Amino acid sequence: MYEFDWSSIPGALPFLIQGMGVSLEITITAIIVGIIWGTLLAMMRLSSIKPLSWFAAGYVNLFRAIPLVMVLLWFFLIVPHLLESIFGFPRGSDMRLGSAITGFALFEAAYYSEIIRAGIQSVPKGQMAAANALGMTYGQTMRLVVLPQAFRNMVPLLLTQAIILFQDTSLVYVSALADFFGTAAKVGDRDGRLVEMLLFAGAVYFVICFAVSQLVRYYQKKLKTA
Amino acid sequence: MITMNKVSKRYGSFQVLTECTTHVNKGEVVVVCGPSGSGKSTLIKCVNGLEPFHSGEITVNGVSVGDPKTNLSKLRSHVGMVFQNFELFPHMSIAHNLAIAQIKVLGRDKAEAEEKGMQLLDRVGLRAQALKYPGQLSGGQQQRVAIARALAMDPICMLFDEPTSALDPEMINEVLDVMTELAQEGMTMMCVTHEMGFAKRVAHRVVFMDHGRIVEDDNKDAFFANPSSERAQQFLAKILQH
């Protein structure tokens, strides 16, 4: 029978907190950039200008058809070289975090754009007509009338996607980046207590994700009664 | 004020409007009626360019609507429009609904826009509802707010697209009363409506449409007393029985 030994966890907490910082940094940056870029992609997709619409459709289909791990590896391998040659960063500087964030943001934007597109389409067409009839430009109509309503309908889906994104950040282990999961695995290896560390890490992921998904449910209920 | 000359439009191969020609003079109230699917709503939406048209010409106050060089947003900012489904912005309070376009489109300052909004709410009898949201108001109240919102832009003319069709019967009159008052004050109005009582009371002219064509365009008394086309006679016979 395996003897559990949790004693290495308290000592590892500072590292784990640092790792959690990295995970959250990737998650939050990818959400913000993903939503902004995803909104632009959604508007391109719905645009009557064909090349824009084709570009957005191609982008979304491409990123949705390849595994996230591969995107991360590509960015891990390619982006540092690109940045080195474009901005003249010194060779060998650590850009793992930057390339991971870039990869996540571009990948998530594809998913966010589909959520946002559905959100924009959920706003009745008459709202756009009414805003136009008042003399608002396309930009004003989108910013003041359509997007606020679209986002209000979309919050549950966006949060659900954020939970998935947070869990997926553990995939950065492919670039040996010290996120929460990577740190836990490393510390567990070092102390020979991998099973305990990974159980503990799993519990932490569960608590955070479960709490956020309860928040989503609460918000959905509120939205329904409003 | 509004002129339409041989306006045609099709959706794919379906001809929605065929060479529609009519006009609305300053201070005139023109009611557009006809069976459903006859193109009335499409016609009125062409006036402020919400629906593009393929041939013909529409001018509003001398400005051509179909001309690609025309600044449509600017033109629309002084042509008021009221929709069948009200289309108030549900995420904004009533006061904000009235102020937003004044501020963002006309560049009025906030205090001025709110003051103007309150005056107009007063006028449609809804001052007490200013801080509520559209979803908390009845259909008739929402439509009165929508009229006030259009008036807040100081429009040179008003377009009504079946303003009472989505309302419960007991709410129709409160909206028609506001429209009647507006007409009596000399507002230039083009109204798509089935309310023949309203047309008899306030219209100067009636335009009757069928299958995308303007079949009759006559002054009110002549239209009701003696419609020249058979189609209009049938329509009136059906609708006036009620």
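## A sheet, a helix pair and a chain contact

Let's start with chain B, where six strands form an open sheet in the order β6-β7-β8-β3-β9-β10, with mixed pairing. The model shown here is a predicted one. At the edges of the sheet sit β6 (79–82) and β10 (213–219) of chain B, each of which pairs on one side only. From one strand to the next, the twist averages 15 degrees.

Within this sheet, which strand does β3 (residues 29–33) of chain B pair with in the parallel sense? Its partner is β9 (residues 205–210) of chain B, and the pairing runs over four bridges. Here B:V30 stands opposite B:R205 in β9(B).

Now to chain A and a pair of its helices. The axes of α3 (residues 68–87) and α4 (residues 96–121) of chain A come within 8 Å and cross at roughly 135 degrees. Angles over 145 degrees would count as roughly antiparallel and 65 to 115 as roughly perpendicular, so α3(A) and α4(A) are oblique to each other. Their crossing is right-handed. The residues that make the contact are these:

| Helix | Residues in the contact |
|---|---|
| α3(A) | A:L68, A:V71, A:L72, A:F75, A:F76, A:V79, A:P80 |
| α4(A) | A:R96, A:S99, A:A100, A:T102, A:G103, A:F107 |

This contact of α3(A) with α4(A) divides into nine nonpolar, three polar and one charged residue.

Finally, the two chains meet: 16 residues of chain A are in contact with 18 residues of chain B. On the chain A side, α5 (125–133) and α6 (138–168) each supply at least two residues. That side of chain A holds eight nonpolar, seven polar and one charged residue.

Note on methods. Residues are numbered from 1 along each chain as its sequence is written. Chains are lettered from A and ligands numbered from 1 in the order in which they are written. This is a predicted model: local features need pLDDT of at least 70, side-chain atom pairs count only at pLDDT 80 or more; totals for chains, interfaces and linings use all residues. Two residues are in contact if their C-beta atoms, placed from the backbone, lie within 7 Å. Ala, Val, Leu, Ile, Met, Phe, Trp, Tyr, Cys and Pro count as nonpolar, Asp, Glu, Lys and Arg as charged, and the others, Gly among them, as polar. Axes are lines fitted to C-alpha atoms, for helices over the stretch in contact, and angles run from 0 to 180 degrees between N-to-C directions. Angles under 35 degrees count as roughly parallel, over 145 as roughly antiparallel, 65 to 115 as roughly perpendicular and the rest as oblique. A crossing is left-handed if the near helix is turned anticlockwise from the far one by less than a right angle, and right-handed if clockwise. Two strands pair if DSSP finds at least two bridges between them.
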